[in-house]
There are 2 protein chains.
Amino acid sequence: MNIEIDFRSGIPIYLQMVERIKERIATGRLTPGDQLPTVRSLALELRVNFNTVARAYRILDEVGIISTQQGRGTYVMNNPPPEISEKIRQKALKALTHRYLADAERLGASSEELNQILKDQVTHWQQAGHLLDPELDNE
Amino acid sequence: MNIEIDFRSGIPIYLQMVERIKERIATGRLTPGDQLPTVRSLALELRVNFNTVARAYRILDEVGIISTQQGRGTYVMNNPPPEISEKIRQKALKALTHRYLADAERLGASSEELNQILKDQVTHWQQAGHLLDPELDNE
DNA sequence: TGTCTCAATGTATAATTGTATTATTGTACT
DNA sequence: AGTACAATAATACAATTATACATTGAGACA
């Protein structure tokens with residue numbers, strides 16, 4: 001990877017790594033789909049603890065620049081989609097809704113049941129500002 | 001098989017697969033006696049290691065939903081009793097709604113816009129249906 | 001008919017990868 | 001000195017993958 005870190009600059013290592021990786025992506029030396037070094041290999045290369053690398057990766061992941069996947073590795077994400085026109089956006093939203101309702105119907109949902117579930121989840125959506133993960137626990 | 005999994009959701013792949021397959025069975029898209037894809041073919045389709053598929057199958061096997069047989073394949077067992085099936089159905093509906101709202105959020109939909117679109121489409125869906133309560137607009 | 005071979009299937013175990021939690025270190029400030 | 005806090009490291013853990021293995025069944029063939 002050949003990233004340069006200055007241990008005496010006073011700037012935290014993980015922040016330096018975030019910047020260096022951002023640069024790589026911005027300049028095209030890293031492109032969507034590319035796998036970044038594993039936290040351990042990059043840590044070895046930079047003579048740093050792998051948790052420090054993981055911290056940098058996590059920051060980039062939260063911003064959506066890369067995707068870290070346990071057991072698989074970390075990958076450069078697709079470039080943020082260009083501004084989509086309002087009409088296309090609305091069309092996509094309608095298609096999405098159509099598919100959703102079709103699936104719900106297949107699941108035998110009545111309009112009342114759907115109404116209830118939507119009200120419930122939209123409330124959470126608005127309160128949290130984002131959506132919570134569905135519950136996957138068994139029974 | 002056309003199963004959808006989200007590598008970024010933070011939910012383990014094998015658990016996502018368990019849920020998706022449960023949904024298929026609960027909704028009758030997979031019926032008793034049907035053969036599931038081999039661990040290798042499904043793994044290839046999902047770009048995943050076949051052991052991950054095997055892990056999902058094993059979980060479903062232990063619960064008695066499917067039957068995996070070395071050298072033969074894996075098959076859907078008899079339908080689970082209705083009360084279990086109903087639980088799975090509800091959970092599937094909630095997960096479906098969650099994914100829908102997450103996608104809609106990504107498209108920049110406000111709750112008001114969503115409400116309008118849903119009202120529109122539900123009208124077409126069931127002529128009788130008034131899906132959303134008006135008070136959802138409030139606050 | 002028997003059995004041999006082999007491809008396709010699931011299984012078991014270890015290695016690789018990221019994650020979470022806790023401990024250590026360094027630095028600024030009283 | 002002492003305290004508080006951030007950065008880093010140590011350790012244990014969970015998910016996924018890599019590799020080798022065991023089981024099954026279909027076909028070849030004597």
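**Ground rules.** I number residues from 1 along each chain, with chains lettered from A in the order written. Since this is a predicted model, local features need pLDDT of at least 70 and side-chain atom pairs count only at pLDDT 80 or more, and side-chain values use heavy atoms, leaving out hydrogens and water.

**Helix α1, chain A.** I looked up α1(A), residues 13–26; helices here are DSSP runs of H or I, at least four residues, and strands are runs of E, at least two. It has 14 residues and reaches 20 Å from first C-alpha to last, close to the 20 Å expected at 1.5 Å a residue (1.5 Å times one less than the number of residues). Its buried residues (under 20% relative accessible area) include A:Met17, A:Val18 and A:Ile21. Among what covers the buried residues are α2 and α3 of chain A. Just after the helix, I found A:Gly28 with a positive phi of about 85°.

**A:Glu4.** I found A:Glu4 in the segment before α1 of chain A. Buried or exposed? A:Glu4 is exposed, at 61% relative accessible area (the cut-off is over 50%). Leaving aside neighbours within four places in sequence, A:Glu4 is in contact (heavy atoms within 4.5 Å) with A:Gln16 and A:Arg20.

**Helix pair, chain B.** I then checked α1(B) and α3(B): their axes come within 8 Å and cross at roughly 50°. Residues making the contact include B:Met17 of α1(B) and B:Ala56 of α3(B).

Definitions and conventions. Axes are lines fitted to C-alpha atoms, for helices over the stretch in contact, and angles run from 0 to 180 degrees between N-to-C directions. Buried means under 20% relative accessible area, exposed over 50%, partly exposed in between (1.4 Å probe, protein chains only).
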